[in-house]
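Visitor: Could you walk me through this one? I'd like to start with the ligands and then go on to the fold.

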Amino acid sequence: MIRHLYFHIPFCPKLCPYCCFYVETGTQNKTTRFLDALLREVEAAQATHDLQPETIYFGGGTPSALTCEQLEYLLGGLRARLDLSALREWTFEVNPATVRADKARVLRDAGVSRISLGVQSWDDGLLKTLGRIHDSEQAEKTYGILREAGFDNINIDLMFAVPGQSVAQWQATLDRTIALRPEHVSSYCLTYEEDTEYFRQLKLGTFRQDDDRDVALFETTIDTLTAAGFGHYEISNYARPGFESTHNFAYWQGADYLGFGPSAFSTIGLRRWQIVPDTAGYTERTLANENTVHFTEELTEATRAGEIAAFAMRTRDGIATDALGRWGKEMREFHELGFVEHRDGRTVLTRRGKLMADSVAEAFV
Ligand SMILES: C[S@@+](CC[C@H](N)C(=O)[O-])C[C@H]1O[C@@H](n2cnc3c(N)ncnc32)[C@H](O)[C@@H]1O
Ligand code: SF4
């Protein structure tokens, strides 16, 4: 039984200079044929798997870049094909520049229950540095439109460690976020991904990393959001009680999931595969009933267990201490360094360990 579905919608109005996701900025492939390919892929999956989605996640790219008509067609097509009686959470990533009241209504009417709004910053100067197409006023307006449409579960995506960002600017962004009273905040530390404009600027020395500042920004995030009533339930994620992301939790717990659309990954048992990162090729091949798999990987039991442990270690609940088995030596070292502590039979990151979360997680993989 597959309970978690991901849909990758690769279209973006403009490429952000730090982004490494598979996206395309032209509109030549943003067609009904592409939507038909997604629906066909779902039908093909139904022929081989028992699909009973509890969570659906539309990510990208920018799913909200589809027009109202395209969304009605695609989401209506999914509703007609899938048994949604067990659906608990349906998330849609929204770029603040791409949604007006009519589109918010279409999403709500189709059954989307959770919005992830890519605000990134409330500072207009930093939004320019990030190459975003929206400004803070537009983001706040879109947030209001989504609330008016009836969305009562909204995540705001933020990014810190942006070039030129001060602790005071970040504090102001956190304060303005809290004032809007979202249910969830994802706060990502900027990663300089290879093959991005930001990476090139880093190599050229135009951008410089400042570890001390980034630690201060991260600690400010934890202090400010937890004081405002958000639980810090995963390194980059904060939620009001009961609003933790069910879809992401399923990933972190190692549940099977199916991904649809170009570049999407799926993992079932020990098999992982990726669909071709090529929208035109994906569309044509899917509609011709040809194979669209880009690569397949057979994981070992040990690799998969390591991945799941690494995810779990980044969460509030950590790992059952008696399940640490083959990582006992590393965990003893982390314990001595003060990065992990044992609490109620579980091993969890300490505050100091949260600053080193990536290094701790690496020990498992
Ligand atoms: C899959 S992206 C897409 C969301 C949407 N297209 C947008 O940008 O508004 C989800 C989130 O990942 C974060 N993100 C993207 N690239 C990143 C990077 N290089 N480093 C850190 N966070 C990043 C951003 O906060 C973004 O909102
Ligand atoms: S809008 Fe989102 S997915 Fe698209 S390029 Fe920017 S960060 Fe990447």
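Visitor: How many nonpolar, polar and charged residues are in the shell around ligand 1?

Guide: Bearing in mind that this is a predicted model, the shell around ligand 1 divides into six nonpolar, six polar and four charged residues.

Visitor: And which residues are the closest to ligand 1?

Guide: Ligand 1 is surrounded by 16 residues, and the closest of these are G61, Q120, R132, D157 and T191.

Visitor: Which atom of ligand 1 does the side chain of D157 approach, and at what distance?

Guide: A polar side-chain atom of D157 lies 2.6 Å from an oxygen atom of ligand 1. As for nitrogen atoms of the ligand, a polar side-chain atom of T62 is 3.5 Å from one, and a polar backbone atom of Y18 is 3.1 Å from one.

Visitor: How much of the accessible area of ligand 1 does the protein cover?

Guide: On its own, ligand 1 has 570 Å² of accessible area, and the protein covers 89% of that. The elements that contribute two or more residues to the shell are β4 (114–120), β5 (154–160) and β6 (184–189).

Visitor: What about ligand 2, which residues are around it?

Guide: Around ligand 2 are C12, K14, L15, C16, Y18, C19, V23, G61, T62, N95 and R132. By class, the shell of ligand 2 has six nonpolar, three polar and two charged residues.

Visitor: In what order do the strands of the open sheet with β10 run?

Guide: That open sheet consists of three strands in the order β10-β11-β12, with antiparallel pairing.

Visitor: Why is one side of β10 and of β12 left without a neighbour?

Guide: β10 (265–268) and β12 (293–298) stand at the edges of the sheet and each has a single partner strand, so one side of each lacks a neighbour there. From one strand to the next, the twist averages 15°.

Visitor: How many bridges does β10 make with β11?

Guide: β10 pairs with β11 (residues 271–275) in the antiparallel sense over four bridges, and I268 has R271 of β11 as its bridge partner.

Visitor: Now the hairpins: how many residues lie between β14 and β15?

Guide: The hairpin of β14 and β15 has two residues between its strands, and D344 takes a positive phi near 50° in this hairpin. The antiparallel pairing of β14 (residues 340–343) with β15 runs over four bridges, with T347 of β15 as the bridge partner of H342.

Visitor: Which residue of β15 is the bridge partner of I319?

Guide: That partner is T347 in β15.

Methods:
Residues are numbered from 1 along each chain as its sequence is written. Chains are lettered from A and ligands numbered from 1 in the order in which they are written. This is a predicted model: local features need pLDDT of at least 70, side-chain atom pairs count only at pLDDT 80 or more; totals for chains, interfaces and linings use all residues. Side-chain values use heavy atoms; hydrogens and water are left out. A residue is near a molecule or strand if one of its heavy atoms lies within 4 Å of it. A polar contact is a pair of N or O atoms within 3.5 Å; within protein, one must be able to donate a hydrogen and the other to accept it, and residues adjacent in sequence count only if both atoms are side-chain atoms. Accessible areas come from the Shrake-Rupley method with a 1.4 Å probe; for residues, only the protein chains shown count as cover. Ala, Val, Leu, Ile, Met, Phe, Trp, Tyr, Cys and Pro count as nonpolar, Asp, Glu, Lys and Arg as charged, and the others, Gly among them, as polar. Two strands pair if DSSP finds at least two bridges between them. Axes are lines fitted to C-alpha atoms, for helices over the stretch in contact, and angles run from 0 to 180 degrees between N-to-C directions.
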